[in-house]
Amino acid sequence: PHLKDTKVVSIPTRYPTGSEKQLIQVITGKQVPSRGLPIDIGVVSHNVGTTYAVARAIKHGEPLISRIVTVTGREVKNAGNFETLFGTPMHELLSFCGTERQAGEPFILGGPMMGYNLSGDHLPVTKTANCIIVGVDDGAKSSTPLPCIRCGECAVACPVSLLPQQLYWYSRAKDLDKASEYNLFDCIECGCCSYVCPSEIPLVHYFRFAKTEIMTQQQENAKADVARIRHENRLERLEQEQQEKELRQQQRKAALAATQAAKAKQAAESESSAEPTTTDSQETQ
Ligand code: SF4
Ligand code: SF4
């Protein structure tokens, strides 16, 4: 009964429609704002794996310890989707699937367009390991890239309407402010621009690099801000402690002076009361 409001929608199979922001736009017609989140437009997006894991956690109290990993490629005999425990070494999964891969031969972790080329298969399967492809190129350009001819093909291919050639210039020149200005962080790293580029420039590699640089810079700035605030707070605390110390000294001095004045007064009074009244006795004789 709780599924009565569920609606199954069929959408055109066109890369990269599976990407979160594109999927939301295709289904709802709403666009997630630049540098924003789906929740900003009232949408929450979960893939099937997350939804299943949430249900298992809430209904059965199960932690997330495994995920479905697709293993495929021309060198895989038993390609398929396998529920794999986190931490399983990739070479075990690959040999379970009957891969004919040579030791050290690269494979792709992730999809054919967005995946990373890896050669070390002793890495563990993690929460983000959705797919392993053995025996295909990762789409990365192997030849030496040619200069950008400003043909604009990359901009035509970009599903989020960015200007990849501009982002490329700024990322390459490490002009990170400009790259941010050109909405680098809206890039979903789909790889379409690299794929269509006639100069075979690995554009998406530049964008990943620039994003990492910016994030590192932001983390360092944040750390520096924390250190500056801590230093300012310390100076303020020291100044306050000094002021309090001076105030206490003044109070002690004032108290001492008051005590001495009181003692002097008392001494003077007792001295005057102890003096004999000689004048009166002389007068009575
Ligand atoms: S597709 Fe390649 S060559 Fe053409 S403008 Fe973009 S980066 Fe330059
Ligand atoms: S990888 Fe290229 S095509 Fe894809 S979103 Fe980024 S800039 Fe656009």
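In the predicted model, strand 3 (residues 107-109) and strand 5 (residues 131-134) run antiparallel and are joined by three bridges. Within this pair, I108 stands opposite I133 of strand 5. Strand 5 also pairs with strand 1, here in the parallel sense and over three bridges. The bridge partner of T72 in strand 5 is I133, the residue that I108 stands opposite. Strand 1 (residues 66-72) is in turn joined to strand 2 by six bridges, and these two strands run antiparallel. In strand 2, L85 stands opposite S66.

These pairings belong to an open sheet of five strands with the order 2-1-5-3-4 and mixed pairing. Its edges are formed by strand 2 (80-85) and strand 4 (116-118), each of which pairs on one side only. On average, neighbouring strands of the sheet are turned by 30° against each other, direction ignored. In a regular strand, side chains alternate between the two faces of the sheet.

Strand 4 also takes part in covering the buried residues of helix 8. Helix 8 (203-274) has 72 residues. From the first C-alpha to the last, helix 8 reaches 106 Å, close to the 106 Å expected at 1.5 Å a residue. Buried residues in helix 8 are L203, V204, F207, R208, A210, K211 and I214. Besides strand 4, the elements that cover them include helix 4 (153-157), helix 5 (164-172), helix 6 (176-181) and helix 7.

Two ligands were examined next. The surroundings of ligand 1 consist of C148, I149, R150, C151, G152, C154, Q165, C197, P198, S199 and L203. By class, this shell divides into seven nonpolar residues, three polar and one charged. L203, a member of the shell around ligand 1, is also among the buried residues of helix 8.

Around ligand 2 there are 13 residues, of which C158, C187, C190, G191 and C193 come nearest. Helix 7 (192-196) and helix 8 are the elements that give two or more residues to this shell. The shell around ligand 2 comprises 11 nonpolar residues, one polar and one charged.

How values were computed
Residues numbered from 1 in each chain as written. Chains lettered and ligands numbered in written order. Predicted model: local features only at pLDDT ≥ 70, side-chain atom pairs only at ≥ 80, totals over all residues. Heavy atoms only, no water. Near = heavy atom within 4 Å. Helix = DSSP H or I, 4+ residues; strand = E, 2+ residues; numbered from the N terminus. Nonpolar A, V, L, I, M, F, W, Y, C, P; charged D, E, K, R; others polar. Pairing = 2+ DSSP bridges. Axes fitted to C-alpha atoms, helices over the stretch in contact; angles between N-to-C directions. Expected span 1.5 Å × (residues − 1). Buried < 20%, exposed > 50% of the residue type's maximum accessible area, 1.4 Å probe, protein only. Contact = heavy atoms within 4.5 Å.
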